[in-house]
Amino acid sequence: MAAKQIAEKLISENAIAIFSKSYCPFCVRAKQVISGQNVDPSKIGTMELDEVSEGPAIQDYLAEKTGQRTVPNIFISGKHIGGCDDIMRAQQSGELQQLVGKL
């Protein structure tokens, strides 16, 4: 399956989609913040780009789609949220709670 199709499938089939790398400390932190939001884990889709053969191509596609090359690359309800700093800011401002409260 093409990188675009794989990425869009994860985004469309999950309330929260996280493109991550297993060794990335920023990814670990972002996933911890999201898991602390009392969201049903079945609504969260995570793809570790370093663990799938299409990972580099998916990362290239996400860079084209969002303008963000780094991970984590996070989407909530299909909307691009950003990375670790963005999710931390959203948590501190209360925006994250508003976004996940609708899920």
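Visitor: In this predicted model, is Cys 24 buried or exposed?
Guide: The cut-off for buried is under 20% relative accessible area. Cys 24 has a relative accessible area of 9%. That makes Cys 24 buried.

Visitor: And Cys 27, buried or exposed?
Guide: Apply the cut-off again: under 20%. Cys 27 has 0% relative accessibility. Cys 27 therefore counts as buried.

Visitor: How many disulfides does the structure hold?
Guide: A disulfide needs two cysteine sulfur atoms within 2.5 Å. The cysteine sulfur closest to that of Cys 24 is in Cys 27, 3.1 Å away. That is too far for a bond. The count of disulfides is zero.

Visitor: What geometry does the pair of Phe 19 and Phe 75 have?
Guide: The structure holds one aromatic pair. The ring centres of Phe 19 and Phe 75 are 6.1 Å apart, with the planes at 85°. Planes over 60 degrees apart count as edge-to-face. So this pair is edge-to-face.

Visitor: How many residues apart are Phe 19 and Phe 75?
Guide: Phe 19 sits in strand β1, residues 16–20. Phe 75 sits in strand β3, residues 73–76. The pair links distant parts of the chain, 56 residues apart.

Visitor: Which residue in β3 stands opposite Phe 19?
Guide: β1 and β3 pair in the antiparallel sense, over four bridges. Phe 19 lies in β1. The residue opposite Phe 19 in β3 is Asn 73.

Visitor: Which strands stand at the edges of the sheet?
Guide: The sheet is open and has four strands, in the order β2-β1-β3-β4. An edge strand here has a single partner strand, so one side is left without a neighbour in the sheet. The edge strands are β2 and β4.

Visitor: Why do the buried residues of α1 line one face of the helix?
Guide: Helix α1 covers residues 3–13, and Ala 3, Ile 6, Ala 7, Leu 10 and Ile 11 are buried there. An α-helix has 3.6 residues a turn, so residues three or four places apart point the same way. Seen down the axis of α1, the buried residues line one face because they fall within an arc of 130°.

Visitor: Which exposed residues does the other face of α1 carry?
Guide: The buried residues of α1 are covered by elements including β1, β2, α3 and β3. The face turned away from that buried side carries Lys 4, Ser 12 and Glu 13.

How values were computed:
Residues are numbered from 1 along each chain as its sequence is written. This is a predicted model: local features need pLDDT of at least 70, side-chain atom pairs count only at pLDDT 80 or more; totals for chains, interfaces and linings use all residues. Side-chain values use heavy atoms; hydrogens and water are left out. Buried means under 20% relative accessible area, exposed over 50%, partly exposed in between (1.4 Å probe, protein chains only). Rings of Phe, Tyr and Trp (its six-membered ring) pair if their centres lie within 6.5 Å; planes under 30 degrees apart count as stacked, over 60 as edge-to-face and the rest as tilted. Helices (H or I, at least four residues) and strands (E, at least two) are DSSP runs, numbered from the N terminus. The arc is that of the directions from the helix axis to the C-beta atoms. Contact means heavy atoms within 4.5 Å. Two strands pair if DSSP finds at least two bridges between them.
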